[in-house]
Amino acid sequence: MITKHKTADVSFDSLLKIFTVPEGPDSTLTKIEERLSQNLNQFLREHIVAEEKPLKEIEKDFFYSTIPESPEFVSEHTQHLLDTLVSHSVHTSAPSFIGHMTSALPYFLMPLSKIMIALNQNLVKIETSKAFTPLERQVLGMLHRLVYNQNDDFYTKWMHSAQHSLGAFCSGGTIANITALWVARNNALKAQGEFQGVEKEGLFRAMQHYGYQGLAILVSERGHYSLKKSADLLGLGQQGLVAVKTDHNNRICPHALNEKIVELKKKNIKPFAVIGVAGTTETGSIDPLPEMAEICREHDCHFHIDAAWGGATLMSNNYRYLLQGVEKADSITIDAHKQLYVPMGAGMVLFKDPEAMKSVEHHAQYILRKGSKDLGSHTLEGSRSGMAMLVYAAMHIISRPGYQLLIDESIEKAKYFATLIQAQDDFELISEPELCLLTYRYIPSEVREALKLASPECRKHLNELINELTQFIQKRQRETGKSFVSRTRLNPARWGKLNTIVFRVVLANPLTGHDILSSVLEEQRNIAQQAPNLMAKILATSQTIEAS
């Protein structure tokens, strides 16, 4: 059905109004603005439809590819957005939405975001971000101190130095990881003698000069998918990202890491960077960081820690020990839009050495001149918004002890849910939570017993049937719209490392209560009975195994 919108006149005077004159007090936009400010969660509950509309139906609302020839009134278009966009958006802040990193946001971010948008600062250059530049540098300094805990003199000397940088603000963990590895690669292939460095002469000449047959980045099997992008963009190829085996807790095996480095060196391949993961995306596992740091020191490798997930845990004096060894990293990624509770688009990479980013420094005559404090001279991204302001505000308004309460609550909630799952006869905990992530699956007790008794071939077949059921439950639960958990694929050691589809839960939302966790399990139990044919097949296979 095509909805006809009222159109306005095209004139310069009418255009000026949308830049200068706010909507009247009775307009749709003004009413929405007031309600968003008063109770954001209530507004979302009322306007986001619980039942999921098929994607093909939603696409019909966004079908036309021509730019409108007639302007719409602001309030008319606002209502259009409510009907077509808001109503079918994902309610990521809902207490029962526990499948991904997104969470409820503090209410104060709404009005503060308006300030950020209205000022429209561009953080690439000081001429367009005079006050935002020192603010961003301070935010980087505050988080640098959280990680590396240098003294006052260090931050007085380096935090606002025009020639140095403690890190870079970016849109997320992917860009942060790429930036860290870009710096590591350039420092590994730096200028030497007549060779002017990889950033000047390129990767081919750099390899010729140093006599390497290849370059490699090492990370655990649970490393984030963005790291493949890094290897691709940096000219290593995805095969240059070398996976190292993990133990039964999904943590990298230090002995295997050391062996892999030695093996690469014998092939004349330079392992220039090793990545430790502090909070894997799938299970929240934390690698043995102190041991990895020692291996990197012995082999002269840049040690980067991807703490996009786990970095915020450093705010908690009670759980900071989980990231022991983080201060030994040459660089670290932290995402503020995870457990620092700010909107999407706030990632950071921090460097222990203020000189490190000189290897990626860029200048131009009209912008980013030498000697200026332009942030863009050390960042992969150019034009950027002032998201650092929201991180700055959140750290002041919530404070470190406030974050400690949020972090502690999320970890304790994950422990509670793990205990709840283990108390059920028909659910299996797959990965114990270290942070606020865990994985599990629905599996009746008799089916679990059959898996234990089965031959390798029968076990694989039965496991595939359970995978099919897990996938059905997760999709049906998402489509129903009452609650949401995500799913992923793991290889549990207890089942012979079979490919196993599991439910994945993230308990970062402070509004998620114990009652919701119980209802999620009950809903999954009920959904399983909505696949009678599949359940019958699973039970029949289990009985055959037990009989044999």
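Which residues does Lys-338 touch, not counting residues up to four places away in sequence? I started my notebook with that one, and the contacts I found are Met-101, Ala-308 and Trp-309. A reminder to myself before going on: this is a predicted model.

**Entry 1: Lys-338**

I looked up the record next. The UniProt entry, which is unreviewed, annotates Lys-338 as "modified residue: N6-(pyridoxal phosphate)lysine". Then I checked where Lys-338 sits in the chain, and I found it in the loop between strand S6 (331-335) and strand S7 (347-351). Is Lys-338 buried or exposed? Its relative accessibility is 9%, and buried means under 20%, so I noted Lys-338 as buried.

**Entry 2: the second largest pocket**

I counted 32 residues in its lining, and the closest to the centre are Leu-36, Leu-40, Leu-44, Leu-105 and Met-110. Helix H2 (28-38), helix H3 (40-47) and helix H6 (109-119) are the elements that each give two or more residues to this lining. H6 gives the most, with five residues.

**Entry 3: where the pocket lies**

Last, I asked where the second largest pocket lies relative to domain 1 and domain 2. Domain 1 (12-89) and domain 2 (121-384) both give residues to its lining, so I placed the pocket between them.

Note on methods: Residues are numbered from 1 along each chain as its sequence is written. This is a predicted model: local features need pLDDT of at least 70, side-chain atom pairs count only at pLDDT 80 or more; totals for chains, interfaces and linings use all residues. Side-chain values use heavy atoms; hydrogens and water are left out. On a 1 Å grid over the protein atoms alone, a cavity is a set of points where a 1.4 Å probe fits but cannot get out, and a pocket is an open set with protein on both sides within 12 Å along at least five of seven lines; lining residues have an atom within 4 Å of a point. Helices (H or I, at least four residues) and strands (E, at least two) are DSSP runs, numbered from the N terminus. Domain bounds come from an automatic or database domain assignment. UniProt positions are given in the numbering used here, feature names are shortened, and annotations may be inferred rather than shown by experiment. Buried means under 20% relative accessible area, exposed over 50%, partly exposed in between (1.4 Å probe, protein chains only). Contact means heavy atoms within 4.5 Å.
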